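Please look at the sequence and the model shown here before reading on.

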Amino acid sequence: MSDEPFSAVIEKASGAVFFVQDASDYADDVYAIVPAPDDYMRQRYAWDGTQLVSDITLAKAAALARISARFYAVLAQGCASPKGWVDCDDKAQARITSAVSLMREAGALQMAPETLSWTMFDKSAVAHTVTDLVALGIAIGMRTQALFGAKQVLEGAVEAAMSVADLDAIDIEGSWPA
């Protein structure tokens, strides 16, 4: 990949804005070729017919996308449980729900082992009783709900923003529970 900076190119036919590293091939088909903002900023500008201008609608969409991406990144970091750090993503939630259900069913049939080996975040295997698995599920659920709550607060702040400056004041990176 080239180290050349990107340029914003505004196409004459559609008014679409796109970003290229070598704009020389586009000179006849575009209104303007201007230095492009960085990756985050690219999602916040629109062509007003004469120049790239800040666009609150685009900026809000970019902020909401960043919130969702950050939510999943924080969720992927795992969470604390009574027996150690565990995965907390959607797959972990489904696995724990299934494990608890199967252990209870097996118990009702007098087929359940005393413990089940659960793979922790660090890939170690830790023995869990049915009660331990329920506590693990509760920990995952509580962490997930805390993150959803933070996500909803941030999304509300984005929707309430009246300007790009308001959006810039929202701390998307640091607003998540530890």
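## Helix α2

In this predicted model, the buried residues of α2 are Ala59, Lys60, Ala62, Ala63, Ile67, Phe71, Val74 and Leu75. Buried means under 20% relative accessible area, exposed over 50% and partly exposed in between, with a 1.4 Å probe and protein chains only. These buried residues pack against α4 (130-160) and α5 (164-168). Helices (H or I, at least four residues) and strands (E, at least two) are DSSP runs, numbered from the N terminus.

Aspartate 55 lies in the loop between β5 (52-54) and α2 (56-75). Because its relative accessibility is 23%, aspartate 55 counts as partly exposed. Its C-alpha atom is separated by 7.6 Å from that of valine 164, 109 residues apart along the chain.

## Nonpolar core

The largest nonpolar core has 29 residues, and those with the most contacts inside it are Val86, Trp118, Leu133, Ile140 and Trp176. Such a core is a set of buried Ala, Val, Leu, Ile, Met, Phe, Trp, Tyr and Cys residues joined through side-chain atoms within 4.5 Å. The elements giving two or more residues to this core are α2, α3 (90-108), α4 and α5. Its largest share, 7 residues, comes from α4.

## Confidence and conventions

The mean pLDDT, the predictor's confidence in each residue from 0 to 100, is 80 for the protein, and 70% of its residues reach 70 or more.

Residues are numbered from 1 along each chain as its sequence is written. Local features need pLDDT of at least 70, side-chain atom pairs count only at pLDDT 80 or more, and totals for chains, interfaces and linings use all residues, while side-chain values use heavy atoms, leaving out hydrogens and water.

How values were computed
Contact means heavy atoms within 4.5 Å.
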